[in-house]
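Dear colleague,

Please read them with the model open beside you.

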Amino acid sequence: MNNRLKTTELFSIAFRLGLQKQYGEVPSSNFISMQFNLRAHGTSVVGRETARKWSNGIAFPSPSHLFILIKWLKLNPSDFLVELMESNKPDSFRLNPAINSNQKNKVCAQQILDSLSLQIAVTNSNGEIVQVNKSWRKFSASNSKIPDENFFLGYNYLKVCENAVGSGTQTARDMALGIRNVLKGELEDFAVKYLCHSPNKKRWFIGRVAPLKTEDAIFAVISHESISEKNYLKIEFDEVSSA
């Protein structure tokens, strides 16, 4: 099975599970399309045939459709996006690649990542950042005292966390340890909640780490999600971290 087909199959599994959690069962394709179209602001509507293909693992949604589905069914992109990038090698995880026919999966993966509101960075096995998405770049540009023109590509995520100082030091070190354990295969995934207040705004986040495995290497997909104070207070650490 090629990389694209595996991604489509994994999306179908996550899609059906999301529907079951939302409605207690996998509804009919007609119902799915109707519910999707009620939420399809800024993108095209879909018919029941498209909904059937999503559910049966025949088709993968476009980036704009995927954004709606993730918000509607609270899907976790790490459950299926990691496979889409599996065939890429470390030196190909760069922004602004020269597009050719051999890079379709990479380009599609970047477009999908850029469609998500989650701030996402991918590191290699040494912890170096090798790919980021649009939300990451936007957050980096607006929150760094001295914005980095490459949005921290090439920086070592582990070292940045381990050398952190200030009120978030322990959380940063927990994050570094979680990334290391995921990269070593000692954890299937990792998550931590943390505060990231700015001078003008209070903010609460969940950071998640999932592995991305290739035939000869392993990467970490790191996402940061903004949540409400209410959800932050409700979530216990054990609910968002894996042993």
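The charged end of K193 sits over the ring of Y232, at 4.7 Å from the ring centre; the criterion here is that NZ of Lys or CZ of Arg lies within 6 Å of the ring centre and within 35 degrees of the ring normal. Please bear in mind that this is a predicted model, in which local features need pLDDT of at least 70 and side-chain atom pairs count only at pLDDT 80 or more, while totals for chains, interfaces and linings use all residues. Residues are numbered from 1 along each chain as its sequence is written, and side-chain values use heavy atoms, with hydrogens and water left out.

Turning to the strands (DSSP runs of E, at least two residues, numbered from the N terminus, just as helices are runs of H or I of at least four), strand 3 (residues 190-195) runs antiparallel to strand 4 and is joined to it by six bridges, pairing being assigned if DSSP finds at least two bridges between two strands. Within this pairing V192 stands opposite G207 in strand 4. Strand 4 is also joined to strand 5 (residues 218-227), again antiparallel, by ten bridges, and there F205 stands opposite S226 of strand 5. Strand 4 itself (residues 204-213) is mostly covered, with seven of its ten residues buried, where buried means under 20% relative accessible area, exposed over 50% and partly exposed in between, for a 1.4 Å probe and protein chains only.

A search of the whole structure for aromatic pairs returns ten; rings of Phe, Tyr and Trp (its six-membered ring) pair if their centres lie within 6.5 Å, and planes under 30 degrees apart count as stacked, over 60 as edge-to-face and the rest as tilted. The pair Y23 and W72 is edge-to-face, because the planes stand at 65 degrees, with the ring centres 6.5 Å apart. Since Y23 lies in helix 1 (residues 3-23) and W72 in helix 4 (residues 63-73), this pair ties together parts that are 49 residues apart in sequence. Y23 is partly exposed at 29% relative accessible area, whereas W72, at 6%, is buried. F152 and Y155 also form an edge-to-face pair, 4.9 Å centre to centre with 80 degrees between the planes.

As for the cysteines, C161 is buried at 10% relative accessibility and C196 is partly exposed at 24%. The count of disulfides is zero, a disulfide being a pair of cysteine sulfur atoms within 2.5 Å.

With kind regards
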